[in-house]
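Please read the following report alongside the sequence and the coordinates.

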Amino acid sequence: MSKVNIGLIQMTCDERIEVNIEKSIAKVREAAAQGAQIVCLQELYHSQYFAQTVSVDNYQLAIPHDHRAITSMQELAKELGIVLIVPFYEWAAKGVYFNSAAVFDETGKHLGTTRKNHIPDGPQYHEKYYFTPGNTGYPVYDTKFGKIGIGICWDEWFPEVARILTLKGADILFYPSAIGSEPDHPELSTKAAWTKAISSHGIHNGVFVAAVNRVGQEQEMSFYGGSFVSNPMGDILQSMDEQEGILVQDVNLEEIEFARNLLQFLRDRRTDTYGPILEKC
C-alpha cells in the first residue's frame with residue numbers, strides 16, 4: 001500500500017486502570033471510524049506516569065500480556081481490522097519489569113513487543129528504578145499497511161535508534177511518549193525541542209514519523225501533548241495542542257523514495273569511519 005492513515009490517541013490518564021482502558025477503547029474506535037489503519041496509544045497508556053516518585057508500591061502497576069489492558073486491545077485490533085500499538089508497563093518475571101509496546105495486526109495476531117532501550121533518570125523521571133533496559137533490540141514489524149518501527153519516549157531523542165529502524169526497513173517510526181514539565185526548570189518547555197528532534201529523524205532517514213504524547217496534570221507534572229505526524233522532509237503534516245483528542249493523518253509512502261533520491265544520506269554513509277560512536281567518550 002502506498003497510502004496509509006495513521007491514528008494517534010492523545011489523552012489524560014486516570015488513577016484507575018479500568019477507566020484508562022475503556023477510554024482508550026472508545027478513542028481507538030473513533031480513530032478507526034475516521035479511517036485510521038495504524039493506531040498508536042501513548043506511553044504507559046493504562047496508568048498515570050508513576051515514575052515521578054520512587055515507591056516499591058508502584059511495581060504493582062506492572063502487568064503481564066494476559067491482562068485485560070492488553071487482551072482487550074488485541075481483540076479490538078481484530079474487530080476493527082487495524083494495526084494497534086499498545087504501550088504498557090510490562091511484568092516479565094518477578095522483579096523484572098519493562099517499559100514496552102505490544103503490536104497487534106489487523107487479524108489480532110501479536111506481531112511482537114518492543115522494550116524501551118534508553119532509560120532516563122532525573123527529577124520526576126525516575127525510570128531507572130522501575131524499568132529494566134530493553135532486551136528486544138530494535139524490531140521492525142511488517143504489517144499490511146507498511147513496515148513500522150517503535151522507539152519509546154527517551155528512545156526518540158537518540159538518532160541511532162531511528163537509523164537502525166530505517167536500515168531494517170521501517171517506513172514509519174512511532175514514538176509513544178510521556179513528556180512534560182521539568183520540575184527543576186519550571187520556566188522551561190521542551191516541547192519545541194521535542195518536536196524538532198523527533199521530526200528531524202524523518203529528514204535524516206527519509207521516513208515518516210508519528211509521535212504521541214499524553215496531556216493533563218498528574219501529581220506534580222503537566223504533560224504538554226503536541227502529538228504530530230511529519231513527512232520524510234521533516235514537515236509537520238498535522239499536530240495537536242494540549243487538549244485531549246485524536247489525530248488521523250494520511251501519508252503517502254511513495255514520498256520516501258523521492259526524499260531519499262533527493263537527499264542521499266543513506267548512500268553516502270561512511271560506516272568505515274563510525275567506530276568512535278561505539279565508545280562512551
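## Helix surroundings in a predicted model

After helix α3 comes G169, a residue whose phi is positive, near 105 degrees. The model described here is a predicted one.

Helix α3 itself spans residues 159–167, and V161, A162, L165 and T166 are buried within this helix. Viewed down the axis of α3, the buried residues fall within an arc of 130 degrees, so they line one face of the helix. The cover over these buried residues includes the elements in the table below, along with α4.

| Element covering α3 | Residues |
|---|---|
| β6 | 140–143 |
| β7 | 146–150 |
| β8 | 172–176 |
| α5 | 254–262 |

Helix α4 covers residues 191–205 and contains N205, a residue that counts as buried because its relative accessibility is 3%, where the cut-off for buried is under 20%. Beyond its neighbours within four places in sequence, N205 is in contact with A162, R163, T166, R260 and L266. The C-alpha atoms of N205 and F174 are separated by 14 Å, and these residues lie 31 places apart along the chain.

Elsewhere, the axes of helix α1 (residues 17–33) and helix α2 (residues 68–80) come within 11 Å and cross at roughly 15 degrees, which means that α1 is roughly parallel to α2. The crossing of α1 past α2 is right-handed. On the α1 side the contact is made by E18, I21, E22, S24, I25, V28, R29 and A32, while α2 contributes R68, A69, S72, M73, L76, E79 and L80. The residues of this contact comprise eight nonpolar, two polar and five charged.

Note on methods:
Residues are numbered from 1 along each chain as its sequence is written. This is a predicted model: local features need pLDDT of at least 70, side-chain atom pairs count only at pLDDT 80 or more; totals for chains, interfaces and linings use all residues. Side-chain values use heavy atoms; hydrogens and water are left out. Axes are lines fitted to C-alpha atoms, for helices over the stretch in contact, and angles run from 0 to 180 degrees between N-to-C directions. Helices (H or I, at least four residues) and strands (E, at least two) are DSSP runs, numbered from the N terminus. Angles under 35 degrees count as roughly parallel, over 145 as roughly antiparallel, 65 to 115 as roughly perpendicular and the rest as oblique. A crossing is left-handed if the near helix is turned anticlockwise from the far one by less than a right angle, and right-handed if clockwise. Contact means heavy atoms within 4.5 Å. Ala, Val, Leu, Ile, Met, Phe, Trp, Tyr, Cys and Pro count as nonpolar, Asp, Glu, Lys and Arg as charged, and the others, Gly among them, as polar. Buried means under 20% relative accessible area, exposed over 50%, partly exposed in between (1.4 Å probe, protein chains only). The arc is that of the directions from the helix axis to the C-beta atoms.
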